[in-house]
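Subject: Structure for you to look at

Hello,

Here is the structure I said I would pass on.

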Amino acid sequence: MPAGLFRLWIALAAALVSAPLLSHEQSPEAHLIEQGLSTIRIAALDGNVDPAKDVFAEDLVLVSQSGKVYGRKAALFDLGNGFDTWRNEELSIRVDGDAAVVTFVNHRTRTGLGTGEVAFRVTQFWRLREGAWKLTAQSSVRLKD
């Protein structure tokens, strides 16, 4: 990950940790982000990534549990390979102006690869751009079985 992006990531996380936790049921911003998460879920289950293209920022950066860094194109490709199940639990959305930190545990299965259910702790950064919430960065850690 480029050093400048890493410093931005840390600064944003530090600022938003002190922001009040907003119930995603009460905040219109958080509701829109939750809709974006739903779009990603549907794309993962259907294998149709076209709707997710509107949610993923052009400059999206994903850091996998192995430390590999991926961009938007690779993220859409992976999502398009389809999943059998996909659910998010322990959702937390912190919004501060035009930025948000989202955390959750993602459970998914992909039997085509011969894997059972796996779970990841996910941290995402969203930004309000041109009137729409976009996923701009994500990091995940695989949870032990």
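The notes below cover the fold, the core and the pocket.

This is a predicted model, in which local features need pLDDT of at least 70 and side-chain atom pairs count only at pLDDT 80 or more, while totals for chains, interfaces and linings use all residues. Residues are numbered from 1 along each chain as its sequence is written, and side-chain values use heavy atoms, with hydrogens and water left out.

The protein chain has four helices and six strands, in the order α-α-α-β-β-α-β-β-β-β along the sequence. Helices (H or I, at least four residues) and strands (E, at least two) are DSSP runs, numbered from the N terminus. Of the 145 residues, 39% are buried, meaning under 20% relative accessible area with a 1.4 Å probe, protein chains only.

The largest nonpolar core has 28 residues. Such a core is a set of buried Ala, Val, Leu, Ile, Met, Phe, Trp, Tyr and Cys residues joined through side-chain atoms within 4.5 Å. H2 gives the most to this core, six residues. Val102 is among the residues with the most contacts inside the core; it touches residues including Ile33, Leu37 and Trp126 (heavy atoms within 4.5 Å).

E5 supplies the largest share of the lining, six residues.

Regards

Technical notes. Buried < 20%, exposed > 50% of the residue type's maximum accessible area, 1.4 Å probe, protein only. Lists of a residue's contacts leave out its neighbours within four places in sequence.
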